[in-house]
Amino acid sequence: MTVETSTANTSGFDRQHLRDLATGSVTSIAVTLIAVIVVGLSWVGPNFVQASNITIIGTFVAVPMLVAAFAGFALLGGVVDLSIGSMVGFSSCLCATLLGWGWPLATAIPVTLVACMAFGAINATAVVIFGADTIAATLGMLVALRGVCYLMAQPTGSLTAFDTNFYTFTNLTVGPLPLLFVIALAVIVIAAFIVTRTRLGRHVQAAGGDDRAATRAGISVTRVRFGALLLSALGAGIGGILYVGQLGSASNLTGTGLEFQVYAAMMIGGYSILRGGVGNPIGAALGLLVVAGTSNILDVQAISPYFTNIIVGLLLLAAVLLDRLRGGDAYE
Amino acid sequence: MRMTLRRTLATMTPALLALAIAGASAGPAAAFKLGMAVGGDTCCDWMKAQGDVAAALAKQRGWDYVELSNNADPAIATKNADIFIQDKVDAVIEFNGRSEVNPVLAAKFAAAKIPVVTYDISQKGFYFVGIDNQAAGIAGGEALGEIAKAKWNCQPDLVLSSEGAGAGIVNTWRTGGMRDGLKKVCPDIPAEKWISFEGNGQAVVALPAARDVLAAHPDAKKILVVGLNDGGVLGALQAAEQLGRADDIIGWGQDGSFITGNNVDPHLAGSVFYFLEGYAVYALRDVIDKIAAGSPPPVKDDAGDPASRVQPCPVSAAEAAKIPGTADRVKALLAAPAGTTEYDLFCPKKS
Amino acid sequence: MTDATTIAQSTSVQPEGFRAKLPSGWGTAATVAAAWIVLIVASGIHRPDFLSHQTVLAVSFTMAIVGILAVAQALVGMSGAILDLSQPTALILSAAVVAWLLECGVPVPVVAIAGILVGAAWGIANATIIVFGKLNPIIVTLATNFIGGAVMFLIFQNAQAPLKSGFSDFGRSYFLGLPNIWWPMAVLVLLAGYLVPRTRYGRHMIAVGGNRFAAQARGISLRKTRFAVFGISGAIVGAAGILFAASNGPFAPAVGSTYQLPVIAGVILAGVSLAGGRGSIWLILLSVGFLSTVPTSLVFFGFSSNWQAVFQGLILIVAVAIDGFRAKRLQR
């Protein structure tokens, strides 16, 4: 009986149910974002939305947003990749090293991405094939890759890799919006489309939501999660390369704390670290914008930087509380 | 969907009214605006104090002051530069430990025609205010070398270097400089006795790392310690104490963070003060006051020929006992006549 | 046959999606003990002077603080609250209060009680937000860690217990050849490991962790359990703070984060399931012991600090992969 209902209704029920969930949490974070914009406008004034300020916010949020779009698939599929920050750093350092050796960008980029995906494959093998605990395994990769960054950036801790064309490209703007931001947004929208409207997206959600039911329904949870972790590594790799362009350099500390920024934003945007199956990339993007917008208000108003951290932490709590009140996961 | 739209419009209308009122009550013509980007590393109290002193001095002059934190992160340093430019500040003080991103910052500020003072880390086009980190390192190394010569005839069993790779080039200058200074006085210490470990410039991190290194050299008795800063060196000293091998360990620090007060480790023989928290006095006296008065000085961006040179102040532990802690120094500095530096006020041996 | 078992399985269990498949018991103990022995033997062969009292001291000083924090974290994990990410802040908060009180001349026993109470208060504060906000503990503790750290930094940038005091002497002296601070850790592990399965409260905690709905149905108050778990866990972290202050030099507010990864690794390697309901606290002695020996071994093998990070990360990945693999085989 249980088996029949689940196979018969997988397509219909899941899509409806999940669309509701996704829209629900997306609306909640959208309202928060609108609130942030309103506060910004009333406190900072019209300067809050002047072109240069939008560029500032957009530039800062572009790479994390891109990384979040890819890492979101892992969360959705029921695995967590904590190593994305160190992977971004590793990718930056590797790309900068190759450029420093005189490699052209066209070869440095693919090699870097392949290397990142190789490490992603290690994550995936440990977590999916061997069944290692996802938090522990990716935590191990976080530590290991950070060590690799330090090794690559010896002895001064930084690698200069200023490629004029690359720098110009990554700093282009489309109106007030940085090009990278527009690209990241496009990736988010594509990811959201995949998640909500394609069979692949439904499979990922099913694998994350209830892996036993998914397996019974014929979805290869192993393949989905393996792919999701590879994707997460790929996204981090792309992010790291873009940082080399944006900043003209890489350092042993590049990407430190990025996993915190990305996952906090994703959690307030409706994803869950406890369980897979929920979350929409648009929620992640909005979550990032909420935090970036708030930091920007505090920066522009010259609030002591030490208070900014406190406010962002409180914001995280408030946003999750709000999400819970409108009907999101309640933790008992 | 429509409800949300209505609700949004409802919330925005009073906001728009509020900002119309705010706009109407705009203030008088803007004063000189100084921006400062503090390092943001949570290791040391002088990082925060640097901003506090700059804020106080700016207030004394009736200037506007904007402080942002670089958070030891190159992406944030870049974002802060954009915010300063957008805010149309008249001058910026940068303490950017992530020097690899300085060329990008320089390009941005140059395009916006905003003069920049940089503390300790040189960048073409930025006014250099600070010490020569390498020279400070060498001075500390030489001081330690003299002790090693007197006590052990320049024959230690081990020379530990507490590195802080996260500090980038400053680590290379200071820790490397200390080794160079030590080698100058004691050139014959064999290469295998020089061991480096990563202490991140913090006692709590250096401690377990140094413990492991000491355990791996169980026969080393006469030990010298150099490092990025006092905290890093202290970690190694405490490791020796924990392993019961502190009878013959001597360390010399940098930056003077932990050599004042009544809680000084007995094995810290000395340190080199830069009085980092008081750099703003130099920056304002020699560069920014002149910019505010309308006659900017020529740009001197090299540590060897700086816009304003801060003298390092090597001290032995005994001499440091008379120097007050950071908080008291800041108070005294702000109460002193304009242009007085902490070096003037506190350094026991002026060279 | 299959229908009955599937239905039985799907009703009896666990939070979905993210699951640590690590059964407690002899299997895990054997794996970790074996790994530890292999490490010691290999290091001893490479350098016979590895097997010395100095090495034992170096390893056990590290074990002391990590071990106590691991017990606290294990309690949180076993009760189904996954992870307490605010341990770094609680540790330093308690240590700072201890240092400050000692400087004011307060006698050591009072200071010790104060340290423990500070930790417990922090835990209860977390529990309040978790229980009344019905928010997931990972987000709450992530936020409180962030906020607490920022607030502390505004108040002090460095703290240290008085050096010339019996307290600090205690922190660097030995008892029966091992550091003084190691013994409270060992006693705590043995005591906690003994008490948890044998007291009513301990069993309630495990029941809530295993299946909170079933536990609730049996009349166990979820609310009281959460408060108890976080309060006790916080008190343990407070105790760790006392030992930390006794054995460490000047510490800054953010420095507690260096313990986060080793503690989580130690807990997971001890077989504590982050999804709740399983784990043996006694195994913490083995897992933390093993993980604390790794960095020392690596130095004996001649690896620089940067390589240590790489190895430590890889070892964690391999260890949890092996453990996951064993758990998978057992499930078949």
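Two residues are in contact, or touch, if their C-beta atoms, placed from the backbone, lie within 7 Å. With that in hand, let's start at B:Val129. Leaving out residues up to four places away in sequence, B:Val129 touches B:Val117, B:Tyr119, B:Tyr279, B:Tyr282, B:Ala283, B:Val287, B:Pro306, B:Ala307, B:Ser308 and B:Val310.

A word on what you're looking at: this is a predicted model, where local features need pLDDT of at least 70, side-chain atom pairs count only at pLDDT 80 or more, and totals for chains, interfaces and linings use all residues. Residues are numbered from 1 along each chain as its sequence is written, while chains are lettered from A and ligands numbered from 1 in the order in which they are written.

B:Val129 also turns up in the largest nonpolar core, which has 353 residues; A:Val67, B:Val129, C:Leu69 and C:Val71 touch the most other members. Domain 1 (33–131 + 277–310) and domain 2 (133–273) of chain B both give residues to this core, so it lies between them. A nonpolar core here is a set of buried Ala, Val, Leu, Ile, Met, Phe, Trp, Tyr and Cys residues joined through C-beta atoms within 7 Å. Buried means 20 or more other C-beta atoms within 10 Å of a residue's own. The domain bounds come from an automatic or database domain assignment.

Next, where chains A and B meet: 34 residues of chain B are in contact with 32 residues of chain A.

H1(B) gives the most, with nine residues.

Over in chain A, A:Phe166 sits in helix H6 (residues 164–170). A:Phe166 counts as buried because it has 21 C-beta neighbours inside 10 Å. Not counting residues up to four places away in sequence, A:Phe166 touches A:Leu105 and A:Gly245. A:Phe166 and A:Gly245 are 79 residues apart in sequence, yet 5.2 Å apart in space, C-alpha to C-alpha.

Finally, chain C has 14 helices and two strands. Its C-alpha trace spans about 70 × 50 × 35 Å along its principal axes. Buried residues make up 58% of the 332 residues in chain C. Among contacts in chain C between residues at least 6 apart in sequence, 81% join residues at least 24 apart.

Terms used
Helix = DSSP H or I, 4+ residues; strand = E, 2+ residues; numbered from the N terminus. Buried ≥ 20, exposed ≤ 12 C-beta atoms within 10 Å, placed from the backbone.
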